[in-house]
Amino acid sequence: MRTELHPLDHRFPQHDTPLGAVRNLGILAHVDAGKTTVTERILYVTGTTHKRGEVHDGTTVTDFDPQERDRGITIFAAAVSCDWDGHRINLIDTPGHVDFSDEVVRSLRVLDGAVAVFDAVAGVEPQSESVWRQADRFGVPRIAFVNKLDRAGADLDSAVASIRERLHPAPLVVQFPIGAEDGFRGVVDLVRTRALIWTESGEGTGGVEEGPVPESLVEEAARRRRLLEEAVAELHPGALEEFCTPAGLSARTLAGALRDLTRTGDGVVVLCGSAYRNRGIEPLLDAVVAYLPSPSDVPAVRGSADGAEQVRAADPDAPFAALAFKVNATATGRLTYLRVYSGTIRKGEVVAVRDAGATRTERIGRILRVQADRHAPLDRAVAGDIVAVVGLKSARAGSTLCAPGAPLVLEPPVSADPVVSVAVEARTSTDTDRLVAALARLVEEDPSLVVRTDDETGQTVLSGMGELHLEVAVEKIRRAQGLDVRVGRPRVAYRETVVRGVAGLVFRHVKQDGGAGQFAHVVLDVEPLEGDTEREAGGSATGFEFRSAVVGGRVPQEYVRAVEAGCRDALGEGPLGGHPVTGLRVVLRDGATHAKDSSEMAFRTAGRLALREALRASAMAVLEPVVEVTVTAPAEAVGGVLGDLAARRGRVTGSTARAGAAIVTATVPLAELFGYATRLRSRTQGRGVFTTRPTGYAPAPAPGTAEPR
């Protein structure tokens with residue numbers, strides 16, 4: 001039997017797809033694992049596009065930004081839609097580079113499922129692990145696709161072993177390859193016990209031929225099918241009883257158990273193929289439809305209104321509720337990307353925009369189905385949809401949109417703390433106002449960017465998640481606004497922490513200047529907060545703990561809260577270099593009040609000044625961000641690579657050899673990595689590459705802030 005690739009009508013009909021036939025999923029992977037190519041092949045196989053886009057040619061649909069095409073990587077999350085087997089798939093192609101992980105987090109917040117793409121040669125790579133953990137945090141069900149099986153050194157079993165060892169799921173392998181490396185031509189489907197062979201002619205057009213398992217692979221297929229059944233029976237009680245019968249699991253029972261295990265997160269279905277050569281995409285789409293949940297299968301979204309928790313089911317007839325997860329300024333207007341969780345919204349209707357305690361009402365101008373940089377108008381959007389709307393002026397990433405008569409606030413995605421900063425300024429004073437407006441637009445589109453003015457120098461400082469992140473942001477200003485921007489030397493975000501604290505510090509705040517005065521008396525203990533220096537870099541935790549040990553009501557509860565607020569105010573600048581302070585516990589031991597002059601303001605001031613004095617009396621240390629660096633270089637160049645890492649205060653944690661290349665893993669201070677790409681290329685004659693993954697903060701070698709290389 002031969003199955004032809006079937007072009008489908010992709011003109012985005014106005015009728016609503018049944019909720020159970022919608023799949024909202026993301027493509028997650030390490031950079032260069034092939035996720036954009038997977039996305040392009042999905043669009044091609046579903047008939048959404050009629051020509052295969054290639055990353056190396058700059059012809060992909062989702063990498064439409066000029067910088068993405070110039071650099072050959074995904075920088076911005078791009079949404080597309082397609083149809084397969086009567087289902088509508090809303091798909092978001094996410095970045096794979098660590099500097100743009102905030103785009104991944106914001107996408108995962110609104111997705112119901114994901115396809116994690118792995119390189120069949122490299123297996124689990126650093127950013128693969130990071131995005132997997134992020135998906136764990138949001139409870140997003142996943143299936144895995146082991147890509148690039150046509151490459152030299154590709155090994156499905158090794159890739160699966162790395163998934164099991166580093167990510168700790170239960171991998172449920174439902175396919176294995178027919179042919180190896182360049183001879184890879186198909187897969188054996190273990191669920192339906194069949195072979196799928198891909199043919200190719202002309203410009204890569206062709207189809208997939210379904211047939212019996214080749215005679216030479218029947219025994220291997222039976223062995224692997226038995227292993228799959230055993231793994232499923234261990235995890236799924238409903239499948240265990242049938243597994244114990246002589247016939248084993250039927251294809252129907254096995255598929256149902258795989259669906260249940262995927263949606264609960266107890267197992268991860270693993271498929272394989274080669275996206276570049278168009279092999280394995282149709283079964284991947286079938287798996288997306290069969291195993292990943294629809295909006296009606298996931299738990300109802302939870303939010304709050306007037307301090308009480310509310311639950312909104314994915315029902316088109318329920319009150320409207322949506323979350324904005326991306327904002328983009330285009331030539332046609334300001335686009336706000338939404339995930340609609342409940343209800344229905346029509347163009348021209350008024351919605352309430354709620355965030356940070358503020359509520360505004362705005363009118364929806366247009367509703368668009370998004371196809372990367374192309375858009376098709378819609379009359380309405382219903383629960384389960386991912387769409388863009390035009391006309392909202394105040395919505396930001398993380399804003400909740402709801403019906404004015406049914407208020408709700410959904411939990412927004414949290415942006416990571418920036419770790420690298422540069423000073424930016426316009427070359428001519430006449431362009432200063434334009435630069436300020438351009439930076440404000442940048443921050444609006446990318447919440448992981450932060451703009452501030454340095455109090456000492458008066459410079460405008462742009463902070464982000466990495467050197468490449470800031471390069472892309474500045475280049476976007478240059479290209480979009482035509483501004484000539486001068487950029488200073490990068491600086492990392494240092495922290496200060498308590499090494500040895502103080503106990504029983506007494507501070508009395510008394511102020512009398514006519515009328516009611518201010519009086520607050522506090523006694524504080526300050527001590528290190530164990531484990532905080534190793535907290536995940538990029539996390540938003542403050543590393544601060546406050547508790548009260550006051551007895552007998554000597555300090556009323558409202559004043560205790562004021563002391564805590566004052567202590568938090570003092571964390572902004574430490575005594576060593578003015579860096580934010582983390583990793584400490586403050587205990588309010590005692591205090592005293594005055595009948596007339598004590599107030600919340602007085603105790604907040606006392607808390608702030610008391611903690612500043614306590615920090616000056618404590619033994620403090622500067623912390624610097626550190627990253628895990630994975631360097632791949634020719635074996636003959638590994639000595640120079642190791643020496644250079646040592647010179648950068650790197651600590652080598654592992655080294656392996658694979659296919660004539662050495663893979664070195666080391667922990668290196670982020671400040672030492674500026675310019676490392678150029679240095680690595682020179683040491684390896686252009687053949688070395690590296691990736692980074694934030695791992696936390698570690699003590700700097702000496703007090704103060706060491707300048708980066």
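Which residues are buried in α8? What we have is a predicted model, in which local features need pLDDT of at least 70, side-chain atom pairs count only at pLDDT 80 or more, and totals for chains, interfaces and linings use all residues. Residues are numbered from 1 along each chain as its sequence is written, and side-chain values use heavy atoms, with hydrogens and water left out.

Helices (H or I, at least four residues) and strands (E, at least two) are DSSP runs, numbered from the N terminus. Buried means under 20% relative accessible area, exposed means over 50%, and partly exposed lies in between, with a 1.4 Å probe and protein chains only. With those words in hand, the buried residues in α8 are L254, G256, A257, L258, L261 and T262, and what covers them includes β6 (142–147), β7 (171–173), α6 (218–235), α7 (237–243), β12 and α9.

The expected span of a helix is 1.5 Å times one less than its number of residues. For helix α8, with 14 residues at 251–264, that should give 20 Å, and the end C-alpha atoms are 20 Å apart, which agrees. Just after α8, G265 takes a positive phi of about 85°.

Now to phi in residues that are not glycine. Most residues other than glycine have a negative phi. N278, however, has a positive phi near 65°; it is found in the loop between β12 (268–272) and α9 (281–291), and at 6% relative accessibility it counts as buried. R649 also has a positive phi, near 60°, and is found in the loop between α14 (638–647) and β38 (651–658), but R649 counts as partly exposed, at 32% relative accessibility.

Let us turn to strand β39. Nine of the nine residues of this strand, 661–669, are buried, so β39 is largely enclosed by the rest of the structure. In a regular strand the side chains alternate between the two faces of the sheet. Here A661, I663, T665, T667 and P669 point one way, while A662, V664, A666 and V668 point the other way. Two strands pair if DSSP finds at least two bridges between them. Strand β37 (residues 619–634) pairs with β39 in the antiparallel sense over nine bridges, and V627 has V668 as its bridge partner. On β38, which runs antiparallel to β39 and is joined to it by seven bridges, S655 stands opposite V664.

Finally, how many salt bridges does a search of the whole structure find? Counting a side-chain nitrogen of Lys or Arg within 4 Å of a carboxyl oxygen of Asp or Glu, the search finds 44. One of these joins E445 to K476, with the closest N and O atoms 2.6 Å apart. This pair links distant parts of the chain, since E445 is in helix α10 (residues 432–445) and K476 is in helix α11 (residues 467–481), 31 residues apart. E445 counts as buried, at 9% relative accessibility, whereas K476 counts as partly exposed, at 23%. Another salt bridge is formed by R479 and E475, whose closest N and O atoms are 3.0 Å apart; because they are four residues apart in helix α11, about one helical turn separates them. I will close with a network of salt bridges, which links D102, E103, R106, K326 and D446.

Technical notes. Contact means heavy atoms within 4.5 Å.
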